Amino acid sequence: MDGPPEAAAGLSGAAPAGAGGLSERDRAVLAMERRSWPGPGAKERAIREQLGLSPVRYYQLLNALLDDERALARDPVTVNRLRRLRDSRRSQR
């Protein structure tokens with residue numbers, strides 16, 4: 001199949017917006033962040049295998065989602081937790 005892996009997985013950014021106006025890929029990124037991970041590398045491996053994204057691209061998308069009010073409305077616990085982590089890391093710099 002031609003095209004990027006995320007398109008093959010049905011997770012392209014152009015995917016139709018579903019509940020809350022978020023794309024399927026955006027919802028999958030939020031779901032990935034709700035999970036706990038057993039050890040180093042497990043999350044990055046899942047990002048590649050399940051979402052078809054590089055970890056760098058994944059974290060770019062995640063960071064943009066944290067500023068999206070639709071993501072906050074869909075999953076306030078996860079988004080607020082990640083916003084606090086991001087803010088604390090920024091203040092440590």
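Start on α6 and select T78, V79, L82, R83 and R86: these residues are buried (under 20% relative accessible area with a 1.4 Å probe, protein chains only; exposed is over 50%, partly exposed in between). They cover an arc of only 130° around the axis, so they sit on the same side of α6. The arc is taken from the directions from the helix axis to the C-beta atoms. An α-helix has 3.6 residues a turn, so residues three or four places apart point the same way.

This is a predicted model: local features need pLDDT of at least 70, side-chain atom pairs need 80 or more, and totals for chains, interfaces and linings use all residues. Numbering runs from 1 along each chain as its sequence is written, and side-chain values use heavy atoms, without hydrogens or water.

Next, select the largest pocket. It holds about 320 Å³ of space. Its lining counts 13 residues, with L62, L66, L82, R86 and R89 nearest the centre. α6 (76-92) and α4 (55-66) each supply at least two lining residues. α6 gives the most, six. Colour the lining by class: seven charged, five nonpolar and one polar.

Last stop: Y58 and Y59. Which way do their rings meet? There is one aromatic pair by the rule used here (ring centres within 6.5 Å; planes under 30 degrees apart are stacked, over 60 edge-to-face, the rest tilted). The ring centres of Y58 and Y59 are 5.0 Å apart and the planes are at 85°, so the pair is edge-to-face. Y58 is buried, at 0% relative accessibility. Y59 is partly exposed, at 34%.

Note on methods: On a 1 Å grid over the protein atoms alone, a cavity is a set of points where a 1.4 Å probe fits but cannot get out, and a pocket is an open set with protein on both sides within 12 Å along at least five of seven lines; lining residues have an atom within 4 Å of a point. Grid points are joined across faces, edges and corners, and a volume is the space filled by probe spheres set on the points. Helices (H or I, at least four residues) and strands (E, at least two) are DSSP runs, numbered from the N terminus. Ala, Val, Leu, Ile, Met, Phe, Trp, Tyr, Cys and Pro count as nonpolar, Asp, Glu, Lys and Arg as charged, and the others, Gly among them, as polar. Rings of Phe, Tyr and Trp (its six-membered ring) pair if their centres lie within 6.5 Å; planes under 30 degrees apart count as stacked, over 60 as edge-to-face and the rest as tilted.
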